[in-house]
Amino acid sequence: MTAYWSTQDTPIGAFTAVVDADGAVLASGWTADATELASLVAAPLRPGDLKHHTDLGAVTKAVRRYHDGELDAVDEVAVRQRSGAFLQHAWDVLRTVPAGRPVTYSEFAALAGRPAAIRAAASACARNAAALFVPCHRVLRTGGALGGFRWGLDVKRWLLTHESASGHEF
């Protein structure tokens, strides 16, 4: 399978997206390394060939609009990830967490229908290959601590501050 990738500059560094032939995001994050991103894609979806495109159409436009302040611009971009039933569901649930209203890992587990599965909810964040489009950065530790983030805590802090309606800095 061939996938397409593009890197664009953002206020917090290079952002790369890898998309399927139909434009669905397979992987994305704050890196310029498309090969690194492709390695995060589940085996059944992992592309055998990566081709560079300067512009990925709706994906490139959504990333630009998001970073320019249109926070819901990424919400309707199709994402394709594969895993077990809980992770698939948890990723869908993450897409419903509104910008500017982060949740804790325990709240995320409850939203996903398994309030006792806090570690599984954290695993869904850690295994998410489609950062920004599946906004795992919106999940915090109890008490508001940032927790982890594949792309670094400085990026997570910037995203949360960018999304904060009250101007609160994380």
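Biologist: Hi! Where is the place of Thr104?

Modeller: Thr104 sits in strand 5, residues 103-104. Helices (H or I, at least four residues) and strands (E, at least two) are DSSP runs, numbered from the N terminus. This is a predicted model, where local features need pLDDT of at least 70 and side-chain atom pairs count only at pLDDT 80 or more, while totals for chains, interfaces and linings use all residues. Residues are numbered from 1 along each chain as its sequence is written, and side-chain values use heavy atoms, with hydrogens and water left out.

Biologist: Thanks! Is Thr104 buried or exposed?

Modeller: Thr104 counts as buried because its relative accessibility is 16%. Buried means under 20% relative accessible area, exposed over 50%, and partly exposed in between (1.4 Å probe, protein chains only).

Biologist: And what does Thr104 have a polar contact with?

Modeller: The side chains of Thr104 and Ser106 are joined by a polar contact of 3.1 Å. A polar contact is a pair of N or O atoms within 3.5 Å; within protein, one must be able to donate a hydrogen and the other to accept it, and residues adjacent in sequence count only if both atoms are side-chain atoms. Leaving aside neighbours within four places in sequence, Thr104 is also in contact (heavy atoms within 4.5 Å) with Val139, Leu140, Arg141 and Thr142.

Biologist: Switching to the sheet: in what order do the four strands come?

Modeller: The order is 3-2-1-4, in an open sheet with mixed pairing. Strand 3 (25-29) and strand 4 (49-52) are the edge strands, each pairing on one side only. Two strands pair if DSSP finds at least two bridges between them. On average, neighbouring strands of this sheet are turned by 25° against each other, direction ignored.

Biologist: How many bridges join strand 1 to strand 2?

Modeller: Seven, and the two strands run antiparallel. A hairpin through two residues connects strand 1 to strand 2, and Trp5 stands opposite Val18 in strand 2. Strand 2 (residues 13-19) is also antiparallel to strand 3, with four bridges, and there Val18 stands opposite Ala27. Strand 1 and strand 4 run parallel, joined by four bridges.

Biologist: What about Ala17, which residues is it in contact with?

Modeller: Leaving aside neighbours within four places in sequence, the contacts of Ala17 include Tyr4, Trp5, Ala27, Leu56 and Val59. Ala17 is found in strand 2 and counts as buried because its relative accessibility is 3%.

Biologist: Which strands does helix 2 lie across?

Modeller: Helix 2 (residues 58-67) lies across strand 1 (2-10), strand 2 and strand 3, running at about 25° to strand 1. Axes are lines fitted to C-alpha atoms, for helices over the stretch in contact, and angles run from 0 to 180 degrees between N-to-C directions.

Biologist: Which residues of helix 2 are buried?

Modeller: Val59, Thr60, Ala62, Val63, Tyr66 and His67. They lie on the same side of helix 2, because they cover an arc of only 165° around the axis; the arc is that of the directions from the helix axis to the C-beta atoms. Strand 1, strand 2, strand 3 and helix 6 are among what covers them.

Biologist: Nice. And what does Thr60 touch?

Modeller: Not counting residues up to four places away in sequence, Thr60 touches Ser6, Gln8 and Asp55.

Biologist: Which residues are buried in helix 6?

Modeller: In helix 6 (residues 153-163), the buried ones are Val155, Lys156, Leu159, Leu160 and Glu163. Their arc around the axis is only 130°, so they are on the same side of helix 6. Their cover includes helix 2, helix 4 (105-111) and strand 6 (139-140).

Biologist: At what angle do helix 3 and helix 5 cross?

Modeller: The axes of helix 3 (residues 85-94) and helix 5 (residues 118-126) cross at roughly 75° and come within 9 Å. That makes helix 3 roughly perpendicular to helix 5; angles under 35 degrees count as roughly parallel, over 145 as roughly antiparallel, 65 to 115 as roughly perpendicular and the rest as oblique. Among the residues making the contact are Phe86 and Trp91 of helix 3 and Ser123 and Cys125 of helix 5.

Biologist: Last one: what is the phi of Leu132?

Modeller: Leu132 has a positive phi of about 80°, although it is not a glycine. Most residues other than glycine have a negative phi. Leu132 is in the loop between helix 5 and strand 6.
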